[in-house]
Amino acid sequence: MNSRASSSRQPPFDTRVGVDPASFSRLQDLTILVARVLLMLLFLIFGWDKLTGYGDTVALFRQMGVPQPPLATVVAIVVEVGAGLAIALGLFTRPLAALMAVYCVATALLGHHFWQLSGSERFLAEIGFFKNLSIAGGLLLLCVTGGGRFAVETLPHSGGAVSSRP
């Protein structure tokens with residue numbers, strides 16, 4: 001047997017991690033669905049709270065020094081509930097994930113300015129800041145992967161018009 005031919009053959013599974021690539025491939029779309037829903041859960045819960053407690057949210061934003069609190073509250077509700085629901089369902093996943101990644105970085109900077117605080121306030125704000133950055137990282141991955149096979153945008157009736165597949 002030619003040594004060159006035998007060295008280019010792939011092993012039946014990835015021996016470095018012991019995972020059969022075909023098995024992972026079968027779970028990829030399900031994993032993307034679960035990731036979309038879990039990433040959006042936070043936005044849907046707290047976006048709904050902002051919607052149902054609009055006045056309280058405006059007051060909180062005003063207290064935090066957020067510019068234009070009434071407008072900022074509406075933007076937060078639209079992004080968190082509207083884009084959150086769309087991504088969870090798999091609609092316009094890539095562009096909305098990019099938008100929400102920017103939103104996460106902006107809200108980290110506007111709402112979690114830990115560098116100006118001390119004690120337990122600093123600790124809690126720092127957690128919120130880096131949580132937002134971490135979520136932005138997950139959203140950037142959705143920009144790359146798209147919504148997956150279990151996204152509304154990839155269903156046969158969509159005609160591929162908004163497909164997240166490359």
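The model is predicted, so local features need pLDDT of at least 70 and side-chain atom pairs count only at pLDDT 80 or more, while totals for chains, interfaces and linings use all residues. Residues are numbered from 1 along each chain as its sequence is written, and side-chain values use heavy atoms, leaving out hydrogens and water.

**Start with the whole chain.** Next, show the surface: the protein exposes about 10,300 Å², and carbon and sulfur atoms supply 68% of it. That area comes from the Shrake-Rupley method with a 1.4 Å probe.

**Select residues 54–64 and 69–89.** These are helix 3 and helix 4, packed at an angle of about 120° with axes 8 Å apart. The axes are lines fitted to C-alpha atoms over the stretch in contact, and angles run from 0 to 180 degrees between N-to-C directions. Helix 3 and helix 4 are therefore oblique to each other, the class left over once angles under 35 degrees (roughly parallel), over 145 (roughly antiparallel) and 65 to 115 (roughly perpendicular) are set aside.

Now show side chains. Among the contacts (heavy atoms within 4.5 Å), look for Tyr54, Val58 and Phe61 in helix 3, and Pro69, Val74 and Ile77 in helix 4.

Residues to pick out include Val79, Ala83 and Ile87 of helix 4, together with Leu96, Met100 and Tyr103 of helix 5. The contact of helix 4 with helix 5 divides into 9 nonpolar, 2 polar and 1 charged residues. Nonpolar covers Ala, Val, Leu, Ile, Met, Phe, Trp, Tyr, Cys and Pro; charged covers Asp, Glu, Lys and Arg; the others, Gly among them, are polar.

**Finish at Gly128.** Select residues 119–145 to bring up helix 6, where Gly128 lies. Gly128 is buried, with a relative accessible area of 6%. Then draw a distance from Gly128 to Gly111: they are 17 residues apart in sequence and 8.4 Å apart in space, C-alpha to C-alpha.

Key:
Helices (H or I, at least four residues) and strands (E, at least two) are DSSP runs, numbered from the N terminus. Buried means under 20% relative accessible area, exposed over 50%, partly exposed in between (1.4 Å probe, protein chains only).
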